[in-house]
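Subject: Structure for your review

Dear colleague,

Please find the structure below, together with its sequence. My notes on what was found in it follow.

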Amino acid sequence: NLIFRTLYGTSIHDLTFGYKLVRAEILQRVNWEYGTHEFCAEVLLKPLRLGYTAVEIPTRWVKRREGDSKMTFRRNFRFAFAAWRILWQPKAALLAAVPAPG
């Protein structure tokens, strides 16, 4: 998170945090490509690349008492690849195709 926070120029600490409020205009404008863990980063990183702003409301993570995490160390590489790809994609590729007026 520190590396990508620096590369994206954002002060948000947890790029993959799953609870986000996003304006419908942004959701409709962006070309969404990823699923699962990578999508949690994509929903923040693509709008940042397109010039939108984001604000973080601090949260505190507490380790669960029961159960196991579904996040494997290997999945972190998928997140990093997606974040790196989003950073270097042309901005036009981040936008959804707009249907022609009908």
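A residue is called buried under 20% relative accessible area and exposed over 50%, and partly exposed in between. Please keep in mind that this is a predicted model. With a relative accessible area of 39%, Leu 7 is therefore partly exposed.

Leu 7 belongs to helix H1. Together with Ile 3, Trp 84 and Trp 88, Leu 7 forms a nonpolar patch on the surface, and the accessible area of these residues together is about 490 Å². Helix H1 (2–8) and helix H4 (73–88) are the elements that give two or more residues to this patch.

Helix H4 deserves a description of its own. Its end C-alpha atoms are 24 Å apart; at 1.5 Å a residue, its 16 residues should span 22 Å, which agrees. The buried residues of H4 are Arg 75, Phe 79, Ala 82, Ala 83, Ile 86 and Leu 87. These residues cover an arc of only 135 degrees around the axis, so they lie on the same side of H4. In general, an α-helix has 3.6 residues a turn, and therefore residues three or four places apart point the same way. What covers the buried residues of H4 includes H1, helix H3 (36–49) and helix H5 (91–94). On the face turned away from the buried side, H4 carries the exposed residues Phe 73, Arg 74, Phe 77, Phe 81 and Trp 88.

I turn next to the charged side chains. Five salt bridges are found in a search of the whole structure. One of them joins the side chains of Glu 33 and Lys 46, at 2.7 Å from N to O. Glu 33 lies in the loop between helix H2 (24–29) and H3, whereas Lys 46 lies in helix H3, so this pair ties together parts that are 13 residues apart in sequence.

Glu 33 also meets Arg 85 in a salt bridge, at 3.0 Å from N to O. Because Arg 85 lies in helix H4 and Glu 33 in the loop between H2 and H3, the pair ties together parts that are 52 residues apart in sequence. Glu 33 is partly exposed, at 34% relative accessibility, and Arg 85 is partly exposed at 32%.

A further salt bridge joins the side chains of Glu 42 and Lys 46, at 2.8 Å from N to O. Glu 42 and Lys 46 are four residues apart in helix H3, which means that about one helical turn separates them. Both Glu 42 and Lys 46 are buried. Through shared partners, salt bridges join Glu 33, Glu 42, Lys 46 and Arg 85 into one network.

Yours sincerely

Note on methods: Residues are numbered from 1 along each chain as its sequence is written. This is a predicted model: local features need pLDDT of at least 70, side-chain atom pairs count only at pLDDT 80 or more; totals for chains, interfaces and linings use all residues. Side-chain values use heavy atoms; hydrogens and water are left out. Patches are made of residues with over 30% relative accessible area and no salt bridge: like charges are joined within 9 Å, nonpolar side chains (Val, Leu, Ile, Met, Phe, Trp, Tyr) within 5 Å. Accessible areas come from the Shrake-Rupley method with a 1.4 Å probe; for residues, only the protein chains shown count as cover. A salt bridge is a side-chain nitrogen of Lys or Arg within 4 Å of a carboxyl oxygen of Asp or Glu. Buried means under 20% relative accessible area, exposed over 50%, partly exposed in between (1.4 Å probe, protein chains only). The expected span of a helix is 1.5 Å times one less than its number of residues. The arc is that of the directions from the helix axis to the C-beta atoms. Contact means heavy atoms within 4.5 Å.
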